[in-house]
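Dear colleague,

I am passing on a structure that you have not worked with before, and I would be glad if you kept it open while you read the notes that follow it.

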Amino acid sequence: MTLLVPQTGAIPRPKPSSLSQPFWDGLGLHELRFQRCGACRGATHTPALVCSRCGSDELTWEVSTGRGIVYSWTTVWRPQTPEFVVPYVPIVVDVEEGWQMLSNLVGCDHDEVAPDLAVEVVFHHLDDGVTLPYFRPIGG
Amino acid sequence: MTTSPKHPFREVAVVGVHNTRQARVLEGYDSRTVTMEAALGAIADAGLTPLDVDGVTGGNVAAEFVYQHRIGPVWKSPSGLGIPAVLEAAAAIATGLASIVLIPSGSAGAYTQRESTAPWTRPGNEFVAPFGMFTAAEFALIARRHMLTFGTRPESLATVAATIRNNGSANPDAVYSGRGPFTPQDILDSRMIADPFHLLDCSTTSEGGCALVLAHADIARDLARPPVYVLGGGIDYYGPSYQNPPTFDLGGRRDPTFVNGWVGRRAAEQAFAMCGLSPDDVDVCEFYDPFSFEIIRQFEAFGFCKEGEGGDFVLDGTIGPGGRFPVTTDGGTMSFSHAGSQPQLLQRVARGVEQLRGACASSQVDGAEVAMCSNGGSGALFTDVLLLGKDAT
Ligand SMILES: [Zn+2]
């Protein structure tokens, strides 16, 4: 068993685009943002110009509850680059508002991950001003 | 077999194939020289010379080939990635834009930082790179979901990996020739990379070149090798690879019955419809094998078995030598070769051609008349398929 913790090394930093900048700006304010459609009320992620549900361009940024359940996961033992400490656990989260996000699981042992595990976002500040959204078990 | 109107692709045949030597590291080669060698090999295999070629697909090296051999003006497409290049070349020939098209590919010297995963496996996108994603993790997220939904077991994944690796072990030309045999338990005993993928569930990395030559059927009949006809094909995409959450259930707005976990279903339906064939008519399955699970979901997506039943489908010898649907008979990316981002895609087609010629030095499927080839994978949000036939009918 290994406690999963945020990465602290020289891992790749996000390079936001004009489209995704509000998402990354929100993280610095401890807001997990997604795009809400004014036409169908559906949620869209990753950041887009049109709604993934109906194609409308009436998208506005909203703040998520940051809660969801684990849709899928993988425990990685051979790191992408040596800067990553293993094991780490990439997860796809079904977020409450009806969108899916890729992140890493932290705050529990690597073998505690399970289908539909309830998780919440946790904001991890890297030393150069970048904030990454990780997820941890709720009440864990 | 039902009859159907003759599709224009039936006027197109693969007439030349060539794999250069494949190795973990090809000393003395770079991507340009190994691609050029593959190109000349495929042209020679067809009994042609560079001057006969009036069309090429590919990037800068393909353009250089045209210039160095002074074969311009030729038709050229920038398409270079495996089956889409084959379909584009076939379309060019069927419509008269070209009559003999060269598809060269090759890679050497691209993977030098061995402490990291190969460069083509880890794109720098903002929504994946910071979370440590690379291809094995992307594909693992899809495989996991299939296992959760349908109860697919690691033993099924391991059986696929053992089958393909044993094909490679028996193949004198494979990078990992003689490195088997493997039992499913050997696969399960190898170290974990990205759960549920053990080391031996994953593709390898290597160097090498592969090229094809396609020609109009009227030309093909008089060339050195028996023509292998293009019967049909298709291309399915859900979006860019390795930027978005890789999910099994990703769908499109047009038809919710198609989801990314079975990407390639629509392409396969198109390909079969072009020639009036069905999975039952397929003799050999040269499926792309980036990770063991991908074979399981392809059998489901292409209609060889029902959704969720792929795990059982692969367990009883069906996909092995002598089975009803032998898969990836040269050892694929797990054992034969995985030279960067392109040659291994074309190598599925090359192997399909060799099977229908009856020319394989190992794992030849007796009397094979129809081969199904594929590229891509659900973790990359795309799958391409190609049907090849010994006869044009
Ligand atoms: Zn909408």
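**The zinc site and other local features**

Along the chain, the donors of the zinc ion follow the spacing C-x2-C-x10-C-x2-C, where donors are N, O and S atoms within 2.8 Å of the metal (3.2 Å for Na, K and Ca), and sites may look incomplete as water is not among the atoms. Please keep in mind that this is a predicted model, in which local features need pLDDT of at least 70 and side-chain atom pairs count only at pLDDT 80 or more, while totals for chains, interfaces and linings use all residues. Residues are numbered from 1 along each chain as its sequence is written, chains are lettered from A and ligands numbered from 1 in the order in which they are written, and side-chain values use heavy atoms, with hydrogens and water left out.

The SG atoms of Cys37(A), Cys40(A), Cys51(A) and Cys54(A) coordinate the zinc ion at 2.3 Å. The angles that the 4 donor atoms subtend run from 104 to 116°, which makes the arrangement tetrahedral; for four donors, that term requires all angles to lie between 85 and 135 degrees. Ideal angles at a metal are 109.5 degrees for four tetrahedral donors. Cys37(A) counts as buried because its relative accessibility is 0%, whereas Cys40(A), at 33%, counts as partly exposed (buried means under 20% relative accessible area, exposed over 50%, and partly exposed in between, with a 1.4 Å probe and protein chains only).

Some backbone features of chain A also deserve a look. Most residues other than glycine have a negative phi, and most peptide bonds are trans. His45(A) and Thr46(A) are joined by a cis peptide bond with omega about 0°, and Thr46(A) sits in the loop between strand E2 (43-44) and strand E3 (59-63) of chain A (helices, H or I with at least four residues, and strands, E with at least two, are DSSP runs numbered from the N terminus). His30(A), although not a glycine, has a positive phi of about 60°; this residue lies in the loop between helix H1 (21-28) and strand E1 (33-37) of chain A and is partly exposed, with a relative accessible area of 45%. Asp116(A), not a glycine either, has a positive phi of about 65° and is found in the loop between strand E6 (99-105) and strand E7 (118-125) of chain A.

In chain B, the peptide bond from Asp195(B) to Pro196(B) is cis, with omega near 15°, and Pro196(B) belongs to the loop between strand E5 (192-194) and strand E6 (197-198) of that chain.

Helix H2 (residues 60-68) of chain B has Ala62(B), Glu64(B), Phe65(B) and Val66(B) buried, and the buried residues of H2(B) pack against helix H1 (31-45), strand E2 (55-57), strand E3 (75-77) and strand E4 (100-107) of chain B, contact meaning heavy atoms within 4.5 Å. After H2(B) comes Arg70(B), with a positive phi near 50°.

Finally, Gly180(B) is in the loop between helix H5 (154-170) and helix H6 (184-189) of chain B, and is partly exposed, with a relative accessible area of 27%. Its C-alpha atom is separated by 8.9 Å from that of Asn167(B), 13 residues apart along the chain.

With kind regards

Conventions: Tetrahedral: all angles 85-135°; square planar, octahedral: opposite > 155°, others 65-115°.
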